Amino acid sequence: MANDFLTVADMLADAYDLSGLETSEVRAAAPVIASLPAISSSNGTVHKQSVMTQLPVVGFRAENAGRDFDHSVDRVDTVDLKILDWSWACDKAVAESSRLPGGKDEYIRREGMRHVMAAMFKLEQQWINGTVSADATGFNGLADSANLDGAADDMVVNAGGTTASTGSSVYLIRRNSAECGIVAKNGEVSLGDTMIQNFTDGSGKNYPAYYTNGCGWFAGFFGSLYSVVRIGNLTEDSGKGLTDDLIFQALERFPAGHSPDLIIANRRSQFQLRASRTATNATGAPAPLVDSAVGIPMITTDAISNVETLLV
C-alpha cells in the first residue's frame with residue numbers, strides 16, 4: 001500500500017468540544033506476547049538451537065559381562081528472523097497544527113504509542129498464525145508447524161467441525177527459553193528518536209516531516225514436538241466447540257512430567273467451554289467465566305479468528 005499520512009482533517013481530537021477522554025473500537029491487545037519469554041538470537045538474523053531426538057541406549061548387564069556403549073542424538077532447528085517495521089512520519093506543518101494539550105509533542109507521543117500497540121498486535125498475530133493467515137512476509141508461527149497443520153497430525157486434536165468459514169483453534173503450550181517464546185536480534189518493540197527529515201510526495205516534490213524510527217528483527221520459537229498441542233476444527237456446528245474433554249485429549253498428547261502451562265484461545269472458544277460446563281453442571285447454575293482449565297491458565301486473544309480454514 002502507499003503511504004497514508006495524517007491530515008489536518010484526521011485530527012478529530014483537536015475539536016474544542018471534545019471531553020479530552022479517549023476510547024477505542026480497535027481490537028489490538030497482545031496478551032500472549034506479553035506472557036512469553038523473549039531471548040536473543042544466537043546468530044544475528046538466524047537463531048539455532050539443538051533438540052534432543054533420542055536418548056542413549058542403556059541397560060542391565062550380568063557380572064563380568066560388558067555391554068555396548070551408545071550416545072544420545074540431537075538435531076539443529078533453524079529459525080529465520082524477519083523485520084517488523086512500525087516506523088511512521090507526519091508532515092511537520094500538520095503535526096505543529098495540533099491543538100492537543102502539549103501540541104505537536106503530545107500528538108507525536110500519542111501516535112507513536114498507537115504504532116507500538118499495532119506492532120505488538122502484529123507480532124501476536126504472526127506468532128500464532130504465521131505465514132498461513134497473518135503475513136506471508138513474516139516469520140513462521142504456530143500454524144506453520146508441520147506438527148500442527150493437519151487434522152491427523154500427532155499433536156493435533158480434531159474437534160470435528162465441518163462448517164467452512166467458522167473454524168478456529170486453541171493451543172496448549174509450554175513457555176520457557178527453550179520451548180515457546182519470542183526471539184529477537186537486539187530488539188524490542190519501542191520507538192527511536194523523532195527527527196525532522198525531508199520527504200518527497202508522489203510527484204517528487206519535497207516537504208519537511210517528523211520521522212520516528214521503529215523496527216527490529218523478530219521470530220517465534222516453538223521448541224520440540226511436545227511443546228505445543230493444537231485443538232483444531234472448532235466450529236459453530238452443534239457439539240463441535242471447545243469442551244473439557246477436548247482439553248483432556250490435548251493433555252494426553254504431552255509426555256508425563258511435560259505438561260503445558262498456558263492455553264491460548266479466542267472469546268468464542270472461551271464461551272463454548274463455559275457453555276459446555278453449564279450443560280453438565282450438577283446444580284444447573286450457569287458456569288462462571290472460564291479463565292483456566294485443569295489448573296492451566298487461559299489467555300484469550302483476538303489474534304485467533306473464527307474463520308480459519310478447516311484442517312484436513
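In the predicted model, strand S7 (residues 168–173) pairs with strand S13 (residues 262–265) in the antiparallel sense over three bridges; strands are DSSP E runs of at least two residues and helices H or I runs of at least four, numbered from the N terminus, and two strands count as paired if DSSP finds at least two bridges between them. Within this pairing, Tyr-171 has Ile-264 of S13 as its bridge partner. S7 is also joined to strand S12 (residues 228–234), by five bridges and again antiparallel, with Val-170 opposite Ile-231. S13 is in turn joined to strand S15 (residues 296–300) by three bridges, in the parallel sense, and Ile-263 stands opposite Met-298.

These pairings belong to an open, mixed sheet of six strands in the order S6-S12-S7-S13-S15-S14. Strands S6 (156–158) and S14 (292–293) are at the edges with a single partner strand each, so one side of each has no neighbour in the sheet. Helix H4 (residues 244–252) lies across S6, S7, S12, S13, S14 and S15 and runs at about 145° to S12; axes are lines fitted to C-alpha atoms, for helices over the stretch in contact, and angles run from 0 to 180 degrees between N-to-C directions.

Six of the six residues of S7 are buried (under 20% relative accessible area with a 1.4 Å probe, protein chains only). Ser-168, Val-170 and Leu-172 point one way from the strand, and Ser-169, Tyr-171 and Ile-173 the other way. Contacts of Ile-231 (heavy atoms within 4.5 Å), leaving aside neighbours within four places in sequence, include Val-157, Ser-168, Val-170, Leu-242 and Ala-250.

The secondary structure of the protein chain comprises five helices and 15 strands. Buried residues make up 39% of its 312 residues. The C-alpha trace spans about 85 × 60 × 30 Å along its principal axes.

Residues are numbered from 1 along each chain as its sequence is written. Local features need pLDDT of at least 70 and side-chain atom pairs pLDDT 80 or more, while totals for chains, interfaces and linings use all residues, and side-chain values use heavy atoms, without hydrogens and water.

Notes: Buried < 20%, exposed > 50% of the residue type's maximum accessible area, 1.4 Å probe, protein only.
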